[in-house]
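Work through the exercises below with the model open. Try each task before reading its solution.

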Amino acid sequence: MTVRIPALTDKLGLSEATVGVILLVWGLGALVTMQSMRGIMSRAGSRTVLRVGGPATALSLLGMACAPNLPSLLVAVAVFGMAFGTVDIAMNAQGSTVEQAYGRPLMNGMHAGWCVGAIAAGGIGSLSIALGLSYTANLSIVALLSLPLAVLIGRTYLPEPPVVRTTAKARRRLPAVVYLLGAIMFFAFMVEGTVADWNGLFMRDELGAPEAIAALGYPIFEAGMLLARLGGDRLRSRFGVRGMMTVSGVATAVTFAIVLTAATPLIAVVAMFFVGLGVATISPMTLSLAGTATDNPGPAIAQAGAMGYAGLLLGPVAIGLISDFTSLRVALGIAVVLGVLIAIASRFLPRQETTTITPVHVEERTPAGLAA
């Protein structure tokens with residue numbers, strides 16, 4: 001949808017302020033759902049939630065494509081945000097289940113798939129524009145192709161391992177490390193949101209970059225994230241989460257400081273690649289570690305994920321407010337502070353991961369995931 005926002009504004013005659021409201025409604029819908037996922041994940045499990053949430057996301061995207069006016073679009077966007085939030089939490093819980101089935105870290109590689117998807121979505125959107133497809137046709141095609149795929153892929157999900165039944169009070173109580181991981185993820189997602197929403201404007205207005213050069217910052221940042229995530233699981237196996245997160249936080253702070261003090265746009269664009277390298281593995285590792293903090297990964301991942309995505313929603317807003325009182329360069333300095341906070345908070349993580357990833361025989365669990 002992001003690539004086709006200009007086409008959406010033309011279709012419904014929307015202002016930039018209205019587009020901001022639409023994006024806010026999407027984010028709030030996702031955040032509200034994420035905040036309610038602890039109990040749902042505890043009772044239903046990630047497999048069931050994904051089998052409902054995946055098709056619901058495709059259908060809500062179709063609703064956004066066909067919305068004839070602003071009120072109906074806002075409703076469709078809110079529903080899409082809620083479906084997206086449901087799927088995001090459930091797929092990370094499912095990722096933790098797969099990690100435990102295979103007995104080794106896999107979450108960074110899974111999140112590399114998100115980077116590939118983001119890059120592919122941009123390419124498909126650009127191709128649709130080149131082919132002259134309207135906003136409605138573009139999103140409708142994506143939704144109608146995604147719907148059967150979501151249903152078919154749903155038959156491959158694994159069930160969570162059985163957990164010991166406890167009291168309701170015990171189910172509500174999570175280990176303190178889950179909230180620490182949520183805070184670290186909050187910091188990391190604030191950095192990611194800051195780059196996505198403000199980097200291009202900073203390059204153009206503060207560094208004087210041409211718009212075509214300024215637009216390169218975010219895809220280069222994503223390329224750095226993709227590369228880091230492809231190798232992140234191997235590095236985690238060697239150095240551990242605590243060591244990797246500390247180094248990642250320091251690297252994020254240092255490289256973003258280079259962006260802010262760059263003498264030329266070219267230096268800043270190159271530095272964005274290294275910012276992506278630095279921050280990329282933090283959110284996958286926090287979710288993976290949260291998934292091993294309790295017997296049932298769903299509620300812990302829901303809690304950490306909800307805290308993290310609050311940073312993705314609030315970070316860019318905070319940057320905008322601070323820049324009104326100071327300057328965009330000063331406001332973006334928050335990203336440097338966030339990198340330092342990640343490094344400091346990581347030192348409070350256990351030296352040994354809370355619960356080691358114990359292999360579960362995949363052949364014993366796969367039939368259950370395929371049977372329903």
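The exercises that follow concern a predicted model.

**Exercise 1.** Classify Ser 96 as buried or exposed, and list its contacts beyond its neighbours within four places in sequence.

Solution. 
- Step 1: Locate the residue. Ser 96 sits in helix α4, residues 70-102.
- Step 2: Apply the cut-off. Buried means under 20% relative accessible area. Ser 96 has 0% relative accessibility, so Ser 96 is buried.
- Step 3: Set aside neighbours within four places in sequence. Ser 96 then contacts Met 107, Gly 291, Thr 292, Pro 297 and Ile 301.

**Exercise 2.** Determine how many residues of helix α12 are buried.

Solution. 
- Step 1: Take the range. Helix α12 covers residues 282-291.
- Step 2: Count. Ten of its ten residues are buried, and the helix is mostly covered.
- Step 3: Check against Exercise 1. Gly 291 is among the buried residues of α12, and Gly 291 is one of the contacts of Ser 96.

**Exercise 3.** Classify Arg 234 and find its distance from Thr 326.

Solution. 
- Step 1: Arg 234 belongs to helix α10, residues 217-261.
- Step 2: Exposed means over 50%. Arg 234 is exposed because its relative accessibility is 63%.
- Step 3: Arg 234 and Thr 326 are 92 residues apart in sequence. In space, they are 42 Å apart, C-alpha to C-alpha.

Technical notes:
Residues numbered from 1 in each chain as written. Predicted model: local features only at pLDDT ≥ 70, side-chain atom pairs only at ≥ 80, totals over all residues. Heavy atoms only, no water. Buried < 20%, exposed > 50% of the residue type's maximum accessible area, 1.4 Å probe, protein only. Helix = DSSP H or I, 4+ residues; strand = E, 2+ residues; numbered from the N terminus. Contact = heavy atoms within 4.5 Å.
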